[in-house]
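Hi,

Here is the structure I said I would pass on. Have a look, and my notes follow below.

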Amino acid sequence: MQPRNMSMSGVVDLAAVKAAGEAKAKAEQARAESARQAAQGGGAAPAAGAVPPSALVIDVDEAGFERDVLQLSAEVPVVLDFWAEWCEPCKQLSPLLERLITEANGRLVLAKVDVDANQMLMQQFQIQGIPAVFAVVAGQVLPLFQGVAPEQQIRETLAQLVQVAEERFGIIGIEVDPNAEGAAPAPAGDEIPAGPHDALLEAAVVALDAGDLAGAVQAYKNVLSDDPGNTEAKLGLAQAELLVRVRDMNPQAVRTAAAENPRDPAAQIAAADLDLVGGHVEDAFGRLVDTVRVTFGEDRDAVRLRLLELFEVIGGDDPRVSAARTALARVLF
């Protein structure tokens, strides 16, 4: 489910949060488009909203590499399989990768690159032999292995990739709907039925409007206890918890402390919260990325985790979040 437009009493910049009707329509359109492309046999990057299992394995070329791999890697780790029709080991490895990626159920996407048709990509990745397997996470390239590896070793490598993407960048993958295969677009004007948690989500919005932050937090947590992947509840909870944190802050004191202590994680985290509440999204993200760059150990981890929380406030489909994920990857690797 896509986030609805949640009232935050004008405090938080909600430019990235879509109105309810627009968001739901966008999700339905994405599902229909993915299904249409899958039915036609064309490779296409998964879009926002649930995608069919066939969208987890795609063919990419040089022209679509930025869209289908680099941009997509801000939402889900992309595994690159460099292969060729004449390569016998590739014929052993590729089906295995496809099966394991499909089993991951949206936590990974496999992008297949035919080296004969994409010589420039082969040169850019400095590939000496195939099959060769890489990963791209938040725009950053990670070499995985070359040649045919045992299935258990590949499983372990992919599990580590999922863990790194989630823990370091908050990238948890995309939603997969097995019933979306071949689905037709919803007829124009058809109303999308209410979800099972709509009443609780509406109650949370009402609580926010009334200034009952504790009530809103609890309502969102109630939804997530039943449906941990509920996008709307995750976004709402992140926003409500942000408001709780800044409610009793003295803005002048917080900003003075941040200016006087540029390497103090707590001071920079507090100032970033104020930045975001004031609508200065890029300033908040940039402040924390810079702090990650100059801190280490537990201090760095605390700043990184707060940055991931602020990503949730804005929403993963916002281009400012994608840019900040890439910047974070650069300072971590």
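Why is the disulfide of Cys87 and Cys90 right-handed? The torsion about their S-S bond is about 80 degrees, so that is the hand it gets. The sulfur atoms of Cys87 and Cys90 sit 2.4 Å apart (a disulfide here is a pair of cysteine sulfur atoms within 2.5 Å), and a search of the whole structure turns up one disulfide. Cys87 and Cys90 are both buried (under 20% relative accessible area, with a 1.4 Å probe and protein chains only).

Before the rest, some housekeeping: this is a predicted model, where local features need pLDDT of at least 70, side-chain atom pairs count only at pLDDT 80 or more, and totals for chains, interfaces and linings use all residues. Residues are numbered from 1 along each chain as its sequence is written, and side-chain values use heavy atoms, leaving out hydrogens and water.

Now β4 (residues 132–137): six of its six residues are buried, so the strand is largely enclosed by the rest of the structure. Strands are DSSP runs of E, at least two residues, numbered from the N terminus. Ala132, Phe134 and Val136 point one way from β4, while Val133, Ala135 and Val137 point the other. In a regular strand the side chains alternate between the two faces of the sheet.

β4 has antiparallel partners (pairing takes at least two DSSP bridges between two strands):

- β2 (residues 78–83) joins β4 through five bridges, with Val78 opposite Val136.
- β5 (residues 140–146) pairs with β4 over six bridges, and Pro143 in β5 stands opposite Phe134.

In the hairpin of β4 and β5, with two residues between the strands, Ala138 has a positive phi near 50 degrees.

Cheers

Technical notes. Buried < 20%, exposed > 50% of the residue type's maximum accessible area, 1.4 Å probe, protein only. Helix = DSSP H or I, 4+ residues; strand = E, 2+ residues; numbered from the N terminus.
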